Amino acid sequence: MGHSFSPALAPLDGRTATALQSAVDVLGLVEIGPDVFTALGVLVIVVLIGLSAFFSSSEIAMFSLASHRVEKLAEDGSKAGKTLKHLKDDPHRLLVTILVGNNIVNIAMSSIATGLLAYYGFSGGQAVAIATLAITAVVLLFGESAPKSYAIENTESWALRISRPLQVAEYVLMPLVVTFDFLTRQVNRITGGRAAIETSYVTRQEIQDIIETGEREGVLDEEEREMLQRTLRFNDTIAKEVMTPRLDMTAISKAASIQEAIESCIQSGHARMPVYEGSLDNVVGIVHIRDLVRDLNYGESSELTLDEVVQPTLHVPESKNVDELLREMRQNRMHMVIVIDEFGTTEGLVTMEDLTEEIVGEILEGEEEEPFEFVDENTAIVRGEVNIDEVNETLGIDLPEGEEFETIAGFIFNRAGRLVEEGEELDYDGVEIRVERVDNTRMMKARVTKTEEHEETGDVEEVSTD
């Protein structure tokens, strides 16, 4: 055939010129001038940029969408939602499809740009260098940054929109997808690696980081952040950490009269009280002031005894998980349970309020004191029974928590190795602790100060007396 390119084709090497001429001959075109040839090349590059943006945004949208949302979209019954779930059911193959498509598109763009530059007389090295820089800039802007930013802002809607086209791409590229899927799995097996994308999950630490980020970004306020963090800690808390200790328990003997029981409830300020027989290590149940008053004033017998109004309660080990404990208390409709140690000795009691406070924070009644009294931003007077975790979180310090203690008072006694007196000081890793008040053998309050020398690690400590 006598068809030929414009003389401008002269700078091409013989092999390239022959290939291009053959392509024209096959297509049966009469004449392709330089303008038409350039326009076709630019048009193809534009289409490839669009495909690059499609694959790049698909990767972000597909793998940013939470699994629970995918399930919900599929349950809604839409075809796009079902297609989306089908693709997400095999995330490894989905990722291979996107990567294969994206790389083919980007490499094709670079090759076509190089051919166009060579067509206009640039040398091989110049054409490669210019095409590489130009295509890289175009791909970064229009094929990566812009589409991925859009996908992040419109994750769900975009994932639904591109699910069907992405499925078509998977079918079209099936031979390559299957091949590279197999090869990737074999490489992972040989190297001992694993496809983390197949076991995608969110850890508790990641959730905590999200909560803290939410507060910094203004999505959550401080109280919401604290409540969410307490909720995460709730499952790791045991009864010993939340109980009212034996020393603070108010109980009444089973041999007491109804009137004496009512007076004890009023004097202690508690609506419910444990009832013991013989000693506090033998708690037989719980009594409510409502039942006492009702039976005293409206009972059928004037000789009603305390034993007749006592309600049974649970005895749980101090190591009982509070999440399980809350479930049992709700099932049994109990508001107070007794905590015992391994020898069956009463250690304390846990109320529904104690468990609620672990999530919503301290609930103060009457003249009950605040757990923290801030002197300045780095110093607070802390009640002795406050948990170490709460002290660390509130003051931003890192006091250790041992198996022998959970409270700030326990920490001080453990470090001192003896009973402490008012005025004694303890230094631990840049944290100064001063005993403010002691009641007999019990430490009631301590002043905790975070100094400028506070560091994340260290175990230098010293106990002194003023």
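Let's begin with an open sheet built from 3 strands, which sit in the order 2-3-4 with mixed pairing. Its edges are strand 2 (252–253) and strand 4 (283–288), and each of these pairs on one side only. Keep in mind as you look around that this is a predicted model.

Strand 3, made of residues 272–276, pairs with strand 4 in the antiparallel sense, and 5 bridges connect them. To find this pairing in the structure, look for Y276, which stands opposite V283 in strand 4. Then look for helix 12 (residues 258–268): this helix lies across strand 2 and strand 3, and runs at about 130° to strand 3. As a general point, side chains in a regular strand alternate between the two faces of the sheet.

## The whole chain

Now step back. The protein chain contains 17 helices and 13 strands. It has 466 residues, and 37% of them count as buried.

Among contacts between residues at least 6 apart in sequence, 58% join residues at least 24 apart.

In soluble globular proteins, nonpolar side chains tend to be buried together. Here, the largest nonpolar core has 30 residues, and those with the most contacts inside it are F55, M62, L84, M109 and L166. Several helices build this core: helix 2 (34–64), helix 3 (67–75), helix 4 (79–88), helix 5 (91–119), helix 6 (124–153) and helix 7 (155–172) each supply at least two residues. Which helix gives the largest share of this core? That is helix 2, with 8 residues.

Not counting residues up to four places away in sequence, M62 touches L84, L87, K88, L94, A159, I162, S163 and L166. There is also a second, separate core of 25 residues, and V386, V391, I397 and M443 are among its members.

## Two threonines in loops

T313 is found in the loop between helix 13 (289–298) and strand 5 (315–317). Is T313 buried or exposed? T313 counts as buried because its relative accessibility is 13%, and the cut-off for buried is under 20%. Leaving aside neighbours within four places in sequence, T313 is in contact with G285, I286, M334, M336, V337 and I338. With M336 there is a polar detail to look for: a polar atom of the T313 side chain lies 2.6 Å from the backbone oxygen of M336.

T345 belongs to another loop, the one between strand 6 (336–340) and strand 7 (346–351). T345 has 26% relative accessibility, so it counts as partly exposed. Leaving aside neighbours within four places in sequence, its contacts are R246, D281, V339 and I340. T345 and R246 are 99 residues apart along the chain, and their C-alpha atoms are separated by 10.0 Å.

## A hairpin and a helix residue

Strand 8 (residues 372–376) and strand 9 (residues 379–383) run antiparallel and are joined by 4 bridges. The hairpin that joins strand 8 to strand 9 does this through 2 residues. In this pairing, E373 stands opposite I381 in strand 9.

Further along is D389, placed in helix 16 (residues 388–395). D389 has a relative accessible area of 33%, so it is partly exposed. Between D389 and E401 there are two distances to compare: they are 12 residues apart in sequence and 7.8 Å apart in space, C-alpha to C-alpha.

Most residues other than glycine have a negative phi. D429 has a positive phi of about 50°, although it is not a glycine. Where is D429 placed? Its place is in the loop between strand 10 (424–428) and strand 11 (431–439). D429 counts as buried because its relative accessibility is 10%.

N440 also has a positive phi, near 60°, in a residue other than glycine. This residue is in the loop between strand 11 and strand 12 (442–450). N440 counts as exposed because its relative accessibility is 73%, and the cut-off for exposed is over 50%.

Methods: Residues numbered from 1 in each chain as written. Predicted model: local features only at pLDDT ≥ 70, side-chain atom pairs only at ≥ 80, totals over all residues. Heavy atoms only, no water. Pairing = 2+ DSSP bridges. Contact = heavy atoms within 4.5 Å. Axes fitted to C-alpha atoms, helices over the stretch in contact; angles between N-to-C directions. Buried < 20%, exposed > 50% of the residue type's maximum accessible area, 1.4 Å probe, protein only. Core = buried A, V, L, I, M, F, W, Y, C linked by side-chain atoms within 4.5 Å. Polar contact = N/O pair within 3.5 Å; in protein donor to acceptor, adjacent residues only side chain to side chain.
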